[in-house]
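Have a look at the model below.

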Amino acid sequence: MEEKSLSKTYEPHEVEAKWYKYWLDNDYFRAADKSEKKPFAIVIPPPNVTGMLHMGHALNNVLQDIMTRYRRMQGYNALWMPGMDHAGIATQNVVEQELAKEGLTRHDLGREKFIERVWEWKEESGGIILNQLQRLGCSCDWSRERFTMDEGLTRAVRETFVRLYNDGLIYQGDYIVNWCPRCHTAISDLEVEYEEKEGGLWDIRYPLADGEGEIIVATTRPETMLGDTAVAVNPDDKRYKDMIGKEAILPLVNRKIPIIGDDYVSMEFGSGAVKITPACDPNDFAMAERQNLEIIKIMDDSAVINENGGIYQGQDRYVCRENVIRDLKKGGYLVGKEPYMHNVGHCYRCNTVIEPAISKQWFVKIKPLAKAASAAVIKGETKLVPSMWEGTYFEWMSNIRDWCISRQIWWGHRIPVWNCEGCGKVIVSTDDPESCPECGGTSLRQEEDVLDTWFSSALWPFSTLGWPDDTEALKTFYPTTLLITGFDILFFWVARMMMMGIYIMKDVPFEDVYLHALVRDAEGDKMSKSKGNIIDPLEMIDKYGTDAFRFTLAAFTAQGRDVRMSGERIEGYQHFVTKIWNATRFSMMRLDGYPEEGVEPEKDDYSLCDRWIKDRLNKTIGDVTKYLDEYKFNDASGSIYRFIWHEFCDWYLELVKPVIYSKDDRAKRLAAQQTILMVLKDFMKLLHPFMPFLTEEIWQKLGGDGGSVMVSVFPTVDDDLRDQDAEKQMGVIMDVITSVRNIRGEMSIPPSKKLKVVVSAPDEELISVLTAGRDYIINLGNLEELTVRGEMEEPKGAATGVAGSVRVFVLLEGTIDIASEKARLEKRIAKIDKELTIVSKKLANSDFMEKAAEEVVTKEKAKFEELKEKQGVIEAALSRLEEIGA
């Protein structure tokens, strides 16, 4: 073989930029709009234009890249569609913060100039994350990069809006929405993040209007009483049955409000009577609609009390709360207060407590769309993996509320609705109208609001392929094959893509949806800045290399389980990278003279270990293929790891050394070299989707077969390489070697000490296997002598091991001084017993357990377990020595 040796160590940073450029320069990531190959399509969950790579992005995109590279190597016309989301609220916030540094607001610039400023920011600073994805090795077709605000996607958004409107599925109406007082926009139910907080539950006395008593109501928000329009009780509550139909006087405001009966009221909550404030609570709003109650709005868009709040006008909601409580106490209306834990909704962008508010908004009538999206999963047209998410999906779809799609910001897709100021005609159009179709007037005012960012994202699988045009890409790649995303956006995004895909394209947007879990720290805690446990992917890549980082993510991605990540785990797989490099370097140094002209190995020239490693490789190919097809990334990476580290490196390379070091039998040596080269090339292909850079570097050194490993053919199971006899025979031989090594370890016999071993087999077949494999056993067991016998008595002075039905006797005479070894072990046990006593006393001490820091207690518990394990091992060795000396 031509000399292309590997350097002594693998330097990832020298390799990664070189090979990524090579792949780009050769257009290896490009998919064809028309091809005879079977299509494979996956759309990237578009990261926000403001985004920076975090562990969630890293996991998600590594898994997508593994599947894309895998399918590409299998001969698919593989498209991985990249792009970014315009991230309306987030991006507007970033640019507004930039303006604030200049002493400006967006209103100083005006809408048009502000939008220009956002586009400038996007071109200069946005999209950093896409470059970071390249560092991760992502093989997206970058020639197709899309942006949710680009011209084509804007057309798609308008076309979808108009179709929904014309079909009666979009409407405008006054409704209670989640309002962010800081961002000054409505946000959807899914964009509200709830946090459990301790608040108060106040009991307030409402006098009856007829002067004949009072009713006590319970509330967690006293300030909202300014907008009360009723008191409600459960009609079955005997305490209040006679009060229904009467009126109460609203304290502080002195307004009469009705006492009504409604089944929604819980008799167990507080006093069983609740104040109804339709403008400040979605449940109260629903009750107001049922009971035809007045709706009084008491706060402005900044959560400041308005003119309906009387003397409290101009006060912030929380200042107002304190003043209302003070005045209730003064007036003798406050009965009492008790602590109360409840969920408080926060804006997902700025963490401000949201305020339910009545406003005119645009909505999608969602139930008809949700019904079709649920049916598609029930019928198996789209499969959720793991299937445990189906129940959650169906439950959410069946309880879904209409989707509020309007946002009171400037950056985004402006709603394509115009009002004629001449005749009042509402115009909904894909193109900007020049005049009113009703009266011909040209004074048209476009709707100020923009669409929810998730509206354009919901069209991503088909809009990125060119819809509303009937493109070749759309014909080839829709429906897409696979979506990989986090379970946390199953409803934000996946469900909405299902609804819009079926509505617009009359077909599901993807065949499979793989929902991965969250990346947490090593202890299972969620990563956050406040905890200081965030792991930066780019720092990990800089420290350990991209391939080690990628493989770690795959190795810990089990379906339905969170990924626990730490620098130590990544470092562990960096050792795996080093192992692969060193094993390949060693192998390549032994390929001199291969192939040799005129010498072709015959079938009989392949040794037992050659046949065995080919069989194991064949089995691994089958397992990895099966696991990747089922999206079992941890099982696939585990199979590769076991084959490379344990079977190829630990066993095969050691077993074959005598053959490749010797030049006595050229045919057998060539057979071994051919086996090594075949195995190296195939496991580089198997490993490539997980470790693209390392495998490309080695592949090119191995000859490259005329191109990149990423476009080589992924290995398939070869029935001719199946060899059950070799697997069975090597299993017996390896078990015997392992038994000898275990005895050596238990007896503390130095690895360099050569041993005399007798093996006893119960039948001729096993005797024949052990006799044929004696060289393997002698070399890997480091034996001076090996005797193979049939059934026999245990020799005196021997340590015994069992390898299946074979007994292994290590003759200890002259190997160790049994008396001295017993004395040494007894001394060690005495020391461990003493240490165990000290640790046990600590753990039994209640003061220590209660007052010591958690990490100190954990450390002591771990120490106890470690000492118990050592004690067990040494006692077993001592027991064995006593049996031998008996």
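Predicted model: local features only at pLDDT ≥ 70, side-chain atom pairs only at ≥ 80, totals over all residues.

Strand 18 covers residues 417–420. Three bridges join strand 18 to strand 20, and the two run antiparallel.

What is the strand order in the open sheet? The order is 19-18-20, with antiparallel pairing. Strand 19 (426–428) and strand 20 (444–446) stand at the edges. Each has a single partner strand, so one side of each is left without a neighbour in the sheet. On average, neighbouring strands here are turned by 30 degrees against each other, direction ignored.

## Helix 7 across the sheet

Helix 7 spans residues 151–166. This helix lies across strand 18, strand 19 and strand 20. Against strand 19, helix 7 runs at about 130 degrees.

## Helix 6 and its buried face

Which residues of helix 6 (residues 128–135) are buried? They are Ile 129, Leu 130, Gln 132 and Leu 133. Seen down the axis of helix 6, the buried residues fall within an arc of 160 degrees, so they line one face of the helix.

What does this face pack against? The buried residues of helix 6 pack against helix 2 (55–73), strand 3 (83–84) and helix 16 (537–544). Gly 137 follows helix 6. The phi of Gly 137 is positive, near 95 degrees.

## The second largest pocket

The second largest pocket holds about 1300 Å³ of space. Its lining counts 45 residues. Which of them are the closest to its centre? They are Thr 220, Arg 221, Asp 281, His 342 and Asn 343.

Rolling a probe the size of a water molecule over the atoms shows where empty space is left. How many cavities of 30 Å³ or more are there? The count comes to three. The largest cavity has a volume of about 80 Å³.

Strand 14 gives the most to the lining of the largest cavity, with four residues. The lining includes Glu 355, Pro 356, Ala 357 and Ile 358. Also lining this cavity are Trp 179, Ala 279 and Cys 280. Lys 297, Ile 298, Met 299, Asp 300 and Asp 301 complete the list.

Notes:
Residues numbered from 1 in each chain as written. Heavy atoms only, no water. Pairing = 2+ DSSP bridges. Axes fitted to C-alpha atoms, helices over the stretch in contact; angles between N-to-C directions. Contact = heavy atoms within 4.5 Å. Buried < 20%, exposed > 50% of the residue type's maximum accessible area, 1.4 Å probe, protein only. Arc of directions from axis to C-beta. 1 Å grid on protein atoms, 1.4 Å probe; cavity = no way out; pocket = protein on both sides within 12 Å on 5 of 7 lines; lining within 4 Å. Points joined across faces, edges and corners; volume = space filled by probe spheres on them.
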